[in-house]
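User: Hi! I am new to reading protein models. Could you walk me through a few surface and ring features?

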Amino acid sequence: MILGGQLQVVVGNKVDSIYDAIISKYDIGKNNSSPATEPDEPKKKGVLNTLMETISGILVLTLGVLTAAGIIKGVVAFLALDNIGVLSTKSGTYMILYALGDGFFYFLPIMLGFTAAKKFKCNEFIGAAIGAALVYPGMVNIAETFHHGHTLFTGSVFEMTYYNTFLGIPVIMPGASYTSSVFPVILAVYFAAKIEKWCKEKIPDALRGVLTPIITLIITIVLAYLIIGPVLNAVCGVISLVIEALFINIPVVGGAIAGGLLGGGFGVLVLFGLHWVIIGMALQLIALNGFDHIMACGGIGPMIGVFQGLALCWACRKNQAIRDLAIPATISQVCGVGEPLMYSILIPLKKLFLINILGGCIGGAIIGALGTKMYMFGGSGLFGILNYAGGGGVQDIIKYCIGVGFGALFTFIATLAVYNDKEATKVLGHVAQ
């Protein structure tokens, strides 16, 4: 069609495949308008590096809002603590501000579904629809809707309760649902991209536009609820079993080992959305005994992040672009929200992420060996110190601070020693812009 001096070629339903072919041949989007040449032999990155880069790439687009929401959520939660009493949780001010801060994290799977789809070259709105299905209120509140549940693997660490079925197959939901989770939606969208690609290749052009999203969404959502969720629950069950055995059966040494694993590994569990069972077990122990050892060790992670963030702010003081990332991420970390620092700086600069894990291991091991107890599950980061106030004194606060001190000292020094401004600019420059 020729109109207004322009030539338009109408190709109908084949437009997607033609578009992909043109993008591939001419490397459009990679600042290269010439035909693609034979690429060099790609370097093998390894499974761990590929996984880290994928997750970082998916989350990078959310970092600015993630940081803002984290700061708001942390400050509002702190002001509403019983010990502070500045803001009532029943007030409209609290409800609006907390909705602003927590709403982003609650619906994070929708945002990540969109960005993961871009990373895996899938329809972005299919990715967002997958995230929306995972946080749909009817599924999140399924236990309240169907009060009578059935139990699988009763008496074992894999014990799971389900309240409904899909074609006779139990639909097993994690205790905290999929809200605020990261890994389930990313894995689901990864499979969705594969399914969508297959549909585009096999379905006739006339039906492709309608059938592709229908088939992709149905298969992916069923897969997410029936396989991905239960598998992640099983992994969490194994982790919980090992940690509980160490604390109970081997008091001091076991406490140090478990504390090291929790202190260093909790951030990794959060990264993959596998930490909810640990938190649930800690809450149950607090309700039963009035205290908990598990999150007493795992709770060191935010404070290790605070000191690592401070070290980064000092190390990159002459690099304004990196400072623009480090300063707000550190402020968010002080409020107990570690995702901005983790995803924007630590994971892309892999050595810093390893230092974060080692610092948590050192501090967690000391906290575990001292038998430190947590008495409530309230604030996090700097405000999490109040969680250790109990037991008739401040002895557990002191134990916690000792562990934090050693872990933070190692982390601060190691971060200053390892940080390289040129490397950070090369890796993070596009993020800072």
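User: Which residues make the nonpolar surface patch of about 710 Å²?

Analyst: A patch joins nonpolar side chains (Val, Leu, Ile, Met, Phe, Trp, Tyr) within 5 Å, each with over 30% relative accessible area and no salt bridge. A salt bridge is a Lys or Arg side-chain nitrogen within 4 Å of an Asp or Glu carboxyl oxygen. Areas come from the Shrake-Rupley method with a 1.4 Å probe, and for residues only the protein chains shown count as cover. Here the patch consists of Leu 7, Val 9, Val 11, Val 15, Ile 18, Ile 22, Tyr 26 and Ile 28. This is a predicted model: local features need pLDDT of at least 70, side-chain atom pairs need 80 or more, and totals for chains, interfaces and linings use all residues. Residues are numbered from 1 along each chain as its sequence is written, and side-chain values use heavy atoms, without hydrogens or water.

User: Is Val 9 buried or exposed?

Analyst: Buried means under 20% relative accessible area, exposed over 50%, and partly exposed in between. Val 9 has 66%, so it counts as exposed.

User: How many aromatic pairs are there?

Analyst: Rings of Phe, Tyr and Trp (its six-membered ring) pair if their centres lie within 6.5 Å; planes under 30 degrees apart are stacked, over 60 edge-to-face, the rest tilted. The count is seven. Among them, Tyr 190 and Phe 191 are edge-to-face, 5.6 Å centre to centre with 75° between the planes. Tyr 388 and Tyr 400 are stacked, at 4.1 Å and 20°. Both Tyr 388 and Tyr 400 are buried.

Methods
Patch = residues over 30% accessible without salt bridge, like charges linked within 9 Å, V, L, I, M, F, W, Y side chains within 5 Å. Buried < 20%, exposed > 50% of the residue type's maximum accessible area, 1.4 Å probe, protein only.
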